[in-house]
Amino acid sequence: MIEYRIDRRSGVATYVQIVQQTKQALRLGLLVPGDKLPAAREVVEATAVNPNTVLKAYRELEREGLVEARRGLGTFVRRSLGATPSDSPLRGELSEWASRARTAGLERDDVAALFAAVLDEYFDTTEKEQDHR
């Protein structure tokens with residue numbers, strides 16, 4: 001089962017953090033179709049967020065077709081995202097890289113910015129930006 005971690009200093013809305021963490025779990029295969037998400041009450045108890053915030057996140061996931069609410073039963077995963085299992089060899093390589101970055105004195109935000117910049121180089125899909133390469 002997924003455990004949500006809320007970073008109140010991130011500047012990212014709490015419900016967005018829940019959506020993002022759920023999507024990450026779907027991409028990594030930590031959540032698969034049929035899995036039940038924690039009840040809103042459980043998330044509230046674990047994270048001290050407003051119940052409406054959790055419900056808003058779950059509604060957003062439902063709107064995107066990733067989960068479905070079943071009255072009286074809970075919210076269940078409908079489909080997964082991506083195909084990268086959490087035990088992928090690439091995860092190990094990335095973990096080693098992150099360790100080296102930390103040893104080199106980079107802060108979390110520095111690493112995130114560097115990684116995002118590299119992702120933009122390799123995964124940019126807009127034609128306009130591709131034409132400028």
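**Notebook: helices, a packed pair and a surface patch**

I counted the secondary structure and got six helices and two strands for the protein. The model is a predicted one. Reading from the N terminus on, I noted the order of the elements as α-α-α-β-β-α-α-α. I then looked up burial for the protein: of its 133 residues, 26% count as buried.

**Entry: α2 and α3**

I took helix α2, residues 40–47, against helix α3, residues 51–63. Their axes lie 9 Å apart, and the packing angle is about 125°. That angle makes α2 oblique to α3, because it falls between the 65 to 115 range for roughly perpendicular and the limit of over 145 for roughly antiparallel. For the handedness, I wrote down that α2 passes α3 in a right-handed crossing.

**Entry: Pro 51**

**Entry: Arg 91**

I located Arg 91 in helix α4, which spans residues 89–103. Its relative accessible area is 49%, and I filed Arg 91 as partly exposed, since exposed would need over 50%.

**Entry: the nonpolar patch**

I looked for nonpolar side chains on the surface and listed one patch: Leu 94, Leu 106, Leu 114, Phe 115, Val 118, Leu 119, Tyr 122 and Phe 123. Together these residues have about 750 Å² of accessible area. Which helix gives the patch its largest share? I found it to be helix α5, residues 108–123, with six residues.

I picked out Leu 119 as one of the patch members and placed it in helix α5. Leu 119 has a relative accessible area of 33% and is partly exposed. I noted that this value clears the patch cut-off, because patch residues need over 30% relative accessible area.

Notes:
Residues are numbered from 1 along each chain as its sequence is written. This is a predicted model: local features need pLDDT of at least 70, side-chain atom pairs count only at pLDDT 80 or more; totals for chains, interfaces and linings use all residues. Side-chain values use heavy atoms; hydrogens and water are left out. Patches are made of residues with over 30% relative accessible area and no salt bridge: like charges are joined within 9 Å, nonpolar side chains (Val, Leu, Ile, Met, Phe, Trp, Tyr) within 5 Å. Accessible areas come from the Shrake-Rupley method with a 1.4 Å probe; for residues, only the protein chains shown count as cover. A salt bridge is a side-chain nitrogen of Lys or Arg within 4 Å of a carboxyl oxygen of Asp or Glu. Helices (H or I, at least four residues) and strands (E, at least two) are DSSP runs, numbered from the N terminus. Buried means under 20% relative accessible area, exposed over 50%, partly exposed in between (1.4 Å probe, protein chains only). Axes are lines fitted to C-alpha atoms, for helices over the stretch in contact, and angles run from 0 to 180 degrees between N-to-C directions. Angles under 35 degrees count as roughly parallel, over 145 as roughly antiparallel, 65 to 115 as roughly perpendicular and the rest as oblique. A crossing is left-handed if the near helix is turned anticlockwise from the far one by less than a right angle, and right-handed if clockwise.
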